[in-house]
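Biologist: I have a structure open and would like to go through it with you. Can we talk about its salt bridges and pockets?

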Amino acid sequence: MQFEDDKTLVITQETITSKLIRNLRTDILSGKIPEGTHIGVKDISERYGVSNMPVREAFFTLSAEKLIEMSPYKGATVLPVNDKFIVDNYEILEVLECLLARTAMPHLSTDEIERLKEINRRIWTLEDSLFGQEEYTRLNHMLHNIIYRRSTNAHAYERYNYYHEMMMVMWTNYTRMYKRMQQAAEEHDAIIKALETKDENALEKAVRAHSSHAKDNYMAQRLRQRTEEETIRQNTEG
């Protein structure tokens with residue numbers, strides 16, 4: 001009986017730690033905890049309502065992810081989520097998406113291909129509105145998940161979900177541009193066609209183009225936002 005109690009405690013502790021890591025990561029990536037902020041074990045423990053042990057474990061994980069920098073006996077400092085960090089993550093995503101699509105291709109059924117076509121037809125009909133942006137996010141995720149979950153590389157699928165989730169957190173600060181939504185639908189058509197015809201070369205080309213354009217669009221929005229913020233700052237100071 002004691003063994004079962006200990007096992008339950010471990011499982012509960014792991015769940016608490018995983019949830020804390022996800023929440024801390026989200027708050028850093030979204031800017032809720034700004035770069036340069038000093039975070040101590042006690043402060044985070046009180047803020048998220050957990051004991052010190054999960055906080056220490058979360059700090060080690062986020063330090064390995066280059067989101068915080070540990071200081072002996074002084075807690076940690078939030079590192080900047082800069083352009084290089086984002087580009088690096090997009091490049092990793094691109095490699096993972098190519099691998100997942102290629103290894104999924106032989107296993108996609110005719111029904112699944114038709115489902116991909118139907119989802120993308122709905123993306124083509126979306127309007128330039130807040131609802132359209134939200135619906136695009138949902139349908140885009142659905143389309144890619146149908147493909148990638150059919151991959152035979154479970155580890156790559158797990159890592160893809162990790163990096164994709166990080167990018168989705170950062171995307172919350174930006175809008176889905178209608179022009180990009182239309183461009184993505186065109187890119188989806190190319191991906192689906194390559195999957196249907198079993199053309200591995202065309203598939204890699206289409207997936208890389210889709211990922212690269214998504215990165216370029218995101219970086220352009222970051223630059224635009226920084227420019228607008230700088231203009232506002234200068235006008236305020238002037």
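**Salt bridges and pockets**

Modeller: This is a predicted model. Arg-226 has a relative accessible area of 37%, so Arg-226 counts as partly exposed.

Biologist: Which side chain meets Arg-226 in a salt bridge?

Modeller: That of Asp-83, with an N to O distance of 3.2 Å. Asp-83 lies in helix H4 and Arg-226 in helix H9, so the pair ties together parts that are 143 residues apart in sequence.

Biologist: And Asp-83, how accessible is that?

Modeller: Asp-83 is at 28% relative accessibility and counts as partly exposed.

Biologist: Which residues are linked with Asp-83 in a network of salt bridges?

Modeller: Arg-222 and Arg-226 are linked with Asp-83 in such a network.

Biologist: How many salt bridges does a search of the whole structure find?

Modeller: The search finds 13. One of them joins the side chains of Lys-117 and Glu-196, at 3.0 Å from N to O. Lys-117 lies in helix H5 and Glu-196 in helix H8, so this pair ties together parts that are 79 residues apart in sequence.

Biologist: What about Arg-138, which residue does it form a salt bridge with?

Modeller: Arg-138 pairs with Glu-135, and their closest N and O atoms are 2.7 Å apart. The two are three residues apart in helix H6, so about one helical turn separates them. Arg-138 is partly exposed, at 38%. Glu-135 has a relative accessible area of 14%, so Glu-135 is buried; the cut-off for buried is under 20%.

Biologist: Change of topic. What volume does the largest pocket have?

Modeller: About 380 Å³. It is lined by 21 residues, and the closest to its centre are Leu-29, Gly-31, Glu-35, Val-81 and Arg-222.

Biologist: Which helix gives the largest share of that lining?

Modeller: H9 does, with five residues. Helix H1 and helix H9 each supply at least two residues.

Biologist: What classes of residue are in there?

Modeller: The lining of the largest pocket has twelve nonpolar, five polar and four charged residues.

Biologist: And how much space is in the second largest pocket?

Modeller: About 190 Å³. Its lining includes Leu-130, Glu-134, Trp-171 and Arg-176. Helix H6 and helix H7 are the elements that give two or more residues to this lining.

Biologist: Which of them gives the largest share?

Modeller: H6, with four residues. By class, the lining of the second largest pocket divides into four nonpolar, four polar and two charged.

Technical notes:
Residues numbered from 1 in each chain as written. Predicted model: local features only at pLDDT ≥ 70, side-chain atom pairs only at ≥ 80, totals over all residues. Heavy atoms only, no water. 1 Å grid on protein atoms, 1.4 Å probe; cavity = no way out; pocket = protein on both sides within 12 Å on 5 of 7 lines; lining within 4 Å. Points joined across faces, edges and corners; volume = space filled by probe spheres on them. Nonpolar A, V, L, I, M, F, W, Y, C, P; charged D, E, K, R; others polar. Salt bridge = Lys/Arg side-chain N within 4 Å of Asp/Glu carboxyl O. Buried < 20%, exposed > 50% of the residue type's maximum accessible area, 1.4 Å probe, protein only.
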